[in-house]
Structures are given as C-alpha cells and as structure tokens.
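Welcome, and thanks for taking a look at this one with us. Please open the structure and keep it at hand while you read the short report below.

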Amino acid sequence: MSRNRAIDPADAKQQILAYCKRKGALAAGVADVAVLDRVAPPGHRPSDLMPKVKSVISLGVGGQTRGAWTVPAKAMGYFGSTESRAYTIAYGCAFFIEGRFGVPSIYCPPDVDNAFGTRVPLQSLKLHAEVAGIGARSLAGDILLHPEFGYMYFASVFTELKLPPDAPLAENPCPAPSCVKMYRKVGRTPCMKFCPVQCLSGTIDEQGNQVEMHYDMAACADLSEQYEALPMMLSRAAHADDADDVLLDPDNKLFWYKMSVGSGGLLAQCFECMRVCPIATQAPQADPILRLEAAERQAGDEQP
Ligand code: SF4
Ligand code: SF4
C-alpha cells in the first residue's frame, strides 16, 4: 500500500506502455475498467478474473507481412498468426509491472471459458483493445482495425495498479472510402463479397458510416476454427458405413497432418476478409515494409 502511494500513475503508465512497445507492440493503451464493467456481461468482467484489478492494459502486434497477402488460400491456411507474440509481450509486461512497481499483475488468458464451450472467452480481448483506443470494430465480423496499423493481434494485462485510462478511438477507419463506393454500387463491401462462406453482411448510411453488421460466427468457425470442424468430422465417421471413407478423405487427412506437426493453422481465420480489406493491407503502417518506409521518412525528417 505504501509502495502504491509512492507511484506516479502517469509516469507508471508511460513506463508500462513504453515496455510494451520496446518489446514489439505497435500500439498499447489502458482500458477504463469502469467502462469494461458496464459493457462486459457478468462473469466476464475484469474483476471476475482478478478481484482487485484496477487497470487493464491492452497491446497490439502487427498481423501478416505484406508478402503473406500474396500467397494463395491453401498456403495461407498454414500461416497461423502473430498472436503468440502479443501474448509473450503481455506475459513479460505483467512481470515488468510487478518487478518495477511491486503491484500484483497478470497476463490475461486469451482462452475460452470452459463452462461455455469454444465460443465464449473468459475475457474479451477485443473489448479491452476497443476501450483502450487501439482498435475499432469493422464490418468484417467486428475484427478490430486501427487507422495507422490496420489489422493487429491483441493481448491484455490486468494489474492492481491504478493507471489513467485512454479513450476509445474517435473515428472508425471502417468502412474505407473505397468500400463505401463499392457498397453503393453492389450493396456489399469487399470483406462481405469475398468471404468464402458469405457470413458477413451489414449496412452503411448516407454519411458512409456503419449502421449494422451481421456475422454468422458458426459459418466462419466451421471453415476456419478447425477445433470445431474436427469433432464434426469424427461424428460423421462414427455414423458412416465405412469410417475410413471419412477419416482418410484427403480433406480430412489434413487435420491429422496439422495436428501432428502442431500447425498454428488449426486456429483462427481463413484471412480472405482481411486479404481484400484496404485498411488491413494499406493502412499507413499496416505491414513491415510500410513501417520501414515510415521509419526512414521520420529519420530523414529529423536530420538537421
Ligand atoms: S475469416 Fe474467412 S470465413 Fe471468417 S469472416 Fe473472414 S473471410 Fe469469412
Ligand atoms: S473491407 Fe475492411 S474497411 Fe472495408 S468494410 Fe470490410 S472490414 Fe471495413
């Protein structure tokens, strides 16, 4: 307690966010716990996980390289994602806060709540990031997009240290002007049009802002969350006349291959909605090449 009183919250926040960025986060912020408590359902509020939590720190790391967007879907299915890097930074950040400020802190598990199956997380990392101002909900199934960094993966840290919160982004980069133009012509945006299972729909108003978004989570998960497709395949095999016809079908054999090599491609997205998204692929610092060019420009500007 006496240690807490000696801490300057603004300085501590600056040090914590600087740690996250030094370790590779593109963006980091502090979500207002009071807002999270109002929005998150009971059982999934920060205090349900850490009773004395005072602050939620959210950080985002970059998504794909530019080259990744050029490969065919069958290769992209093995790409997995960079989310494990975000989790590593969050783990380190919890240790950093305890080691530097002496206040209890945790890495927030990104995992599902075992009381509710595979589609209900313990905590919504997306909500943490949105309230911390490092992403806004898009028409692509609410995937968060950032005006500068495009598409990121998020991780959260909970701490009993009180830090000044940030505000959500003032403007949502989605839909991009080119998406609005396409919507006016064909009634769909690129993510809606090119989703292979057509699980996205929504409307845009006269000012070019989102009105509503619909996302068929089950259809998306069936294609891209293979921990859901796997039991279905086993169930079909159990009811088939010859189980080998199902288990050894070339499409299904892929599951056994991915499991045996520990492929990260068993989880997450098929990426087609993001491959065609102008924010995910063309935001000013959306990929390492754009970030390199931005850093070079900044270095040039700073030269005497
Ligand atoms: S990840 Fe694939 S299936 Fe899911 S919304 Fe995006 S394009 Fe559609
Ligand atoms: S393609 Fe991207 S920017 Fe365009 S509507 Fe979809 S998510 Fe939004």
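Helices here are DSSP runs of H or I with at least four residues, strands are E runs of at least two, and both are numbered from the N terminus. With that in mind, look in this predicted model for the loop that joins strand E2 (55–62) to helix H5 (73–76); Ala-68 sits there.

Leaving aside residues up to four places away in sequence, Ala-68 touches Met-76 and Phe-79. Arg-275 lies 207 residues from Ala-68 along the chain, yet their C-alpha atoms are 9.0 Å apart.

## Around ligand 1

Ligand 1 has 14 residues around it, and the nearest are Cys-195, Cys-220, Gln-269, Cys-270 and Cys-273. Helix H10 (217–224) and helix H14 (272–275) are the elements that each supply two or more residues to this shell. H10 gives the largest share, with three residues.

By class, the shell around ligand 1 holds 10 nonpolar residues, three polar ones and one charged.

## Around ligand 2

Now turn to ligand 2, which is surrounded by 14 residues, with Cys-174, Cys-179, Thr-189, Cys-191 and Cys-277 the closest. Two or more residues come from each of helix H9 (190–194) and helix H15 (278–282).

Which classes make up the shell around ligand 2? There are 12 nonpolar and two polar residues, and no charged ones.

Conventions. Residues numbered from 1 in each chain as written. Chains lettered and ligands numbered in written order. Predicted model: local features only at pLDDT ≥ 70, side-chain atom pairs only at ≥ 80, totals over all residues. Contact = placed C-beta atoms within 7 Å. Near = placed C-beta within 6 Å. Nonpolar A, V, L, I, M, F, W, Y, C, P; charged D, E, K, R; others polar.
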